Structure formats: C-alpha cells, structure tokens
Amino acid sequence: MSNDRATSTPFTKGLGFFVVLGIALLIILGIFVSPADVNQGESVRIMYAHVPGAWLAYLAFVMTAVSSAAYLWKRTRSLTWDRIAGASAEVGVLFMGISLVTGSLWGRLTWGTYWTWDARLTTTAFLFVTYIGYLAVRGLGGTHQQRARRSAVLALLAVLEIPLVHFSVELWNTLHQEASVAGRGTDVEMNGLMLFTLFLGVVVFTLMYIWLVLHRQRSLMLEDMLDDSGLDHALSERRAEATQAGH
Amino acid sequence: MSNASQQRFTGTTVIGTARLIAAKDLRVELRSRVLLNQVLPFALIVMVMFAFALDSDAVLERVAPGLVWLAAMFSTLIMVSRSFAVETADGALDQLRSAGVPAMGIFIGKMMALMAQLVVLVTLLILTAVVLYRAELSWAGSVLLVTTGLTATCGLAAVGTLYGGLAAGAKGRETLLPLLLLPVVAPVLIGATRATESAFGTRGVSTGQGWPWLGLLAVFAVLFSVSGAVAFGPLLDD
C-alpha cells in the first residue's frame with residue numbers, strides 16, 4: 001500500500017498522540033483524583049464524559065451545517081466540504097448517542113429517572129434521530145454530487161427544524177408539565193479540580209473530534225475514489241470485451 | 001422532448017405550472033381513488049385500533065385530539081409516498097425538469113394537491129373522533145378547528161412535499177421517509193393537538209386558549225413553504 005492511500009499524516013499522528021495522552025489523564029483525574037460531589041456523590045464522575053460528549057456532538061452538527069452551506073455556495077463548492085459534513089455528522093451521532101446514554105444513567109442516579117421531558121433533553125433526542133436520518137440520506141446512492149447536494153440541503157433544513165422543535169417542546173412543557181425534575185439536585189458545587197477536569201474533558205474531546213473527522217474525511221475520500229475507479233474499471237473491461245468481440 | 005414544448009414550458013409562470021401540477025395530481029387521484037379506497041380506510045382502522053389499545057372511554061375522550069393528529073401524520077406518510085411514486089414511476093419528475101418546468105411551480109403544485117387531500121383526511125378523522133371518541137364540538141370550537149386544520153395541513157403538505165422530493169427516486173425511500181419526516185412534523189403534532197384540545201374543550205380547556213397554538217402552526221407552515229419552494233430546485237437538479 002502506497003503512502004498516499006493512508007489516512008494519517010504527521011499532523012494527525014501527533015494529534016492522535018496528544019488525544020490518547022489527554023484521555024488517559026482525563027480518566028485518572030476524573031475517576032481517581034477528583035473528589036466526589038457533595039450532593040451527587042460518585043455519580044458526578046459521569047459528567048466528565050457526558051458534558052464533553054454532548055459538547056462534541058453539538059460542535060459536530062454545527063460543523064456539518066457550516067460545511068453543507070460551504071458546499072451549496074457555488075464559489076466554495078467542493079466534495080471535500082461534503083465529506084467533512086458527512087464525517088462530522090457520523091462522529092456527532094456517535095457522541096450524541098454516548099452522551100444520551102451517559103446522561104440517562106446519570107439521571108437515574110441523581111434524579112431517580114432515566115428520562116424527563118425537559119426541552120433540552122427532548123431536543124437532543126430529536127437531533128439524534130434527525131442526524132441518523134441525515135446519514136441514511138447520505139447512503140441513498142447516486143452520484144457523489146447527488147449525495148452532496150441532497151445531504152447539504154437536508155443539513156440546512158435541520159438547522160431550521162431544530163430551533164422550532166426546541167421552541168415547541170418548551171411551550172408544550174411549560175404548559176403541560178408539572179415541576180420538571182431537571183433543576184432539582186443538579187447544583188454541582190464545583191471545586192477547582194472538578195472544573196479543571198471538566199475543562200480538560202472539553203479540550204480533549206475537541207481535539208479528538210478534529211482527529212476523528214480528519215481521518216474519517218480521508219477514508220470517505222478513498223471510498224469515493226474506489227467508487228470512481230470501480231466504475232472506470234468496469235467501463236474499460238466492457239470496452240476490452242467489445243474490442244475482443246470485434247476482432 | 002421537442003424544442004417547441006420546451007419553449008412552451010419555460011414560458012409558463014410558476015403559478016401556472018403549480019395549477020397544472022395540482023390539477024394533474026388531483027386528476028390522478030380522481031381516477032385511481034387511492035386516497036378514497038386505501039388511505040381513508042387505513043386512517044379509520046388506525047382510529048379503531050387506538051380505541052382497542054386504550055380500552056377506556058374516559059381515556060379516549062381525553063386523548064382524542066392527539067390521536068386525530070397522530071393518525072393524520074401516519075396517513076400523511078403514505079400520501080407523500082404515493083404523491084412521489086406517481087412522479088418517479090416513469091421518470092416523470094426528471095422529464096418535467098429537463099423540459100424546463102420551474103421547480104418552484106412543481107413544489108407548489110404538489111403541495112396544493114397534497115393539502116387538498118389532507119384536508120379531506122383530517123375532516124374525516126375529526127368526524128371519526130366525534131363519533132367514536134365522543135369529542136364535543138361547539139360553534140366557536142368549529143371556527144378554531146377549521147383554522148387549525150387548514151394551517152396544520154398546509155404545514156404538513158409543505159414539509160411532506162419537500163422531504164418526499166428529497167427521497168424521491170432513491171432506493172428504500174418508503175422506509176426512509178418516516179425517519180426523516182416524523183421528527184420534523186413534531187411541532188405540528190404539538191401545536192395542532194393543543195389547538196384541537198381547546199376546540200373540543202377536552203379537560204376543560206377553553207376555546208380561547210387554542211388560538212396561540214395557531215401561531216406555532218402558522219410559523220411552521222410559512223417556514224417550510226418558503227424553504228421548500230426555494231430548496232426544491234437544488235434538490236431536483238442533478
């Protein structure tokens with residue numbers, strides 16, 4: 001395998017090294033060194049994965065929207081933007097799933113329930129499903145340009161949809177929900193080390209996001225190249241057959 | 001496609017195209033009777049099944065507005081699929097576009113036809129709720145209900161046409177459409193259900209409390225009508 005087919009560069013190798021180091025440090029600080037919370041006890045440690053995970057997912061979806069807009073804008077139109085949007089959405093869905101799971105586990109320990117119909121939670125669930133749909137649309141097939149255009153329009157529609165869903169769930173909630181559990185027992189007395197751990201988590205997860213998207217974007221490019229070369233290959237084979245039959 | 005017909009279509013305005021497309025879709029329905037013979041009976045059986053599942057007159061009366069709109073959403077999915085199956089079966093959509101028919105006109109036309117069919121569907125569903133779930137209707141409630149019905153179906157038709165066009169022609173679109181569409185129409189479900197609750201007077205909610213929810217429905221309808229009309233062209237051009 002020649003080197004230009006690999007997805008790593010010296011930059012991503014260095015970045016990956018720091019990400020692994022940062023995660024090791026985060027685990028040590030989050031699980032062993034930082035103190036338990038006064039109200040929440042040990043369950044507060046879930047936060048060190050949950051909050052950065054949610055942050056990463058939102059960052060990824062914003063990036064998907066921005067790259068989609070960049071693809072649709074004629075002056076910056078390039079399939080690279082489309083691949084960044086796709087890679088970013090994949091990473092975002094993964095981490096949104098992780099933060100939904102960690103969040104409901106934390107909720108069970110702290111609120112005594114896995115789920116509450118709070119506007120933020122409900123919107124997050126909608127966001128999760130919406131981007132699963134986005135990834136499904138990317139898998140529909142057709143040419144690369146078809147895929148890019150379809151999914152870019154969809155990503156921008158999601159930007160339109162999500163605030164509307166959030167707003168309507170909030171309305172629904174305020175009028176029809178008795179005192180929500182969110183807000184009770186959630187006050188975290190943050191000491192310096194806890195804040196630092198959380199901050200470290202956000203930084204490490206952001207670096208991890210960049211690292212994952214760079215790799216995934218390049219592997220998507222290789223997939224596209226494979227698609228194209230597969231087509232070229234089939235075409236030249238048919239041509240060869242035709243010339244043979246002609247002789 | 002001959003040159004003459006190409007010129008005739010490019011000369012047509014968006015509104016003219018919309019009218020032609022809408023009339024065409026309704027004519028297809030009139031002749032095939034898919035809405036009448038398949039979708040409306042489906043919606044009815046869903047309403048009956050809800051009653052089996054909930055198994056209590058009191059509960060049914062309380063949740064009737066939500067069930068009406070839930071059944072409407074499920075039926076919308078089928079109708080959107082149908083609306084675009086007609087277009088993609090013989091590559092009609094591609095031919096319309098290569099003939100230079102304005103995409104905005106296609107969008108508005110299909111949306112109008114879908115909305116007309118949805119109005120029939122929702123009317124039937126509300127009547128079913130009155131008969132089966134003992135929903136009560138006053139005169140003031142009826143005014144609210146008609147306005148809600150029109151606004152909500154407008155929103156549903158817009159978003160349905162937009163996402164239907166997005167999935168049109170792709171393999172596996174029947175299974176993809178519900179995944180794409182249901183999360184988007186959640187605001188319509190919330191708004192229309194609350195407004196219908198007020199119209200029915202469910203749980204002692206007064207009619208006046210229903211009007212603010214219309215705002216939400218109107219915002220949704222306007223937002224997706226406009227973005228659909230704008231985005232439909234780029235979606236179809238390939």
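Reader: In which helix of chain A is A155(A) found?
Author: This is a predicted model. In it, A155(A) belongs to helix α5 of chain A, which covers residues 144–176.

Reader: Is A155(A) buried or exposed, and why?
Author: A155(A) is buried because 28 other C-beta atoms lie within 10 Å, where 20 or more are required.

Reader: Which residues is A155(A) in contact with, leaving aside its neighbours within four places in sequence?
Author: The contacts of A155(A) are then T64(A), A65(A), S68(A), A85(A) and Y134(A).

Reader: Turning to the two chains, how many residues does the contact take from each?
Author: Chain A contributes 22 residues and chain B contributes 20 residues. On the side of chain B that touches chain A, the elements giving two or more residues are α8 (173–184), α9 (186–200) and α10 (211–236).

Reader: Which of them gives the most?
Author: That is α10(B), with seven residues. By class, this side of chain B has 16 nonpolar, two polar and two charged residues.

Reader: Now to chain B itself. At what angle do α7(B) and α8(B) cross?
Author: The axes of helix α7 (residues 139–167) of chain B and α8(B) cross at roughly 145° and come within 10 Å. The crossing is right-handed.

Reader: And which residues meet there?
Author: From α7(B), V159(B), G160(B), Y163(B), G164(B) and A167(B) meet R173(B), L176(B), L177(B), L180(B), L181(B) and V184(B) of α8(B). This contact has eight nonpolar, two polar and one charged residues.

Technical notes
Residues numbered from 1 in each chain as written. Chains lettered and ligands numbered in written order. Predicted model: local features only at pLDDT ≥ 70, side-chain atom pairs only at ≥ 80, totals over all residues. Helix = DSSP H or I, 4+ residues; strand = E, 2+ residues; numbered from the N terminus. Buried ≥ 20, exposed ≤ 12 C-beta atoms within 10 Å, placed from the backbone. Contact = placed C-beta atoms within 7 Å. Nonpolar A, V, L, I, M, F, W, Y, C, P; charged D, E, K, R; others polar. Axes fitted to C-alpha atoms, helices over the stretch in contact; angles between N-to-C directions. Left-handed = near helix turned anticlockwise from the far one by under 90°.
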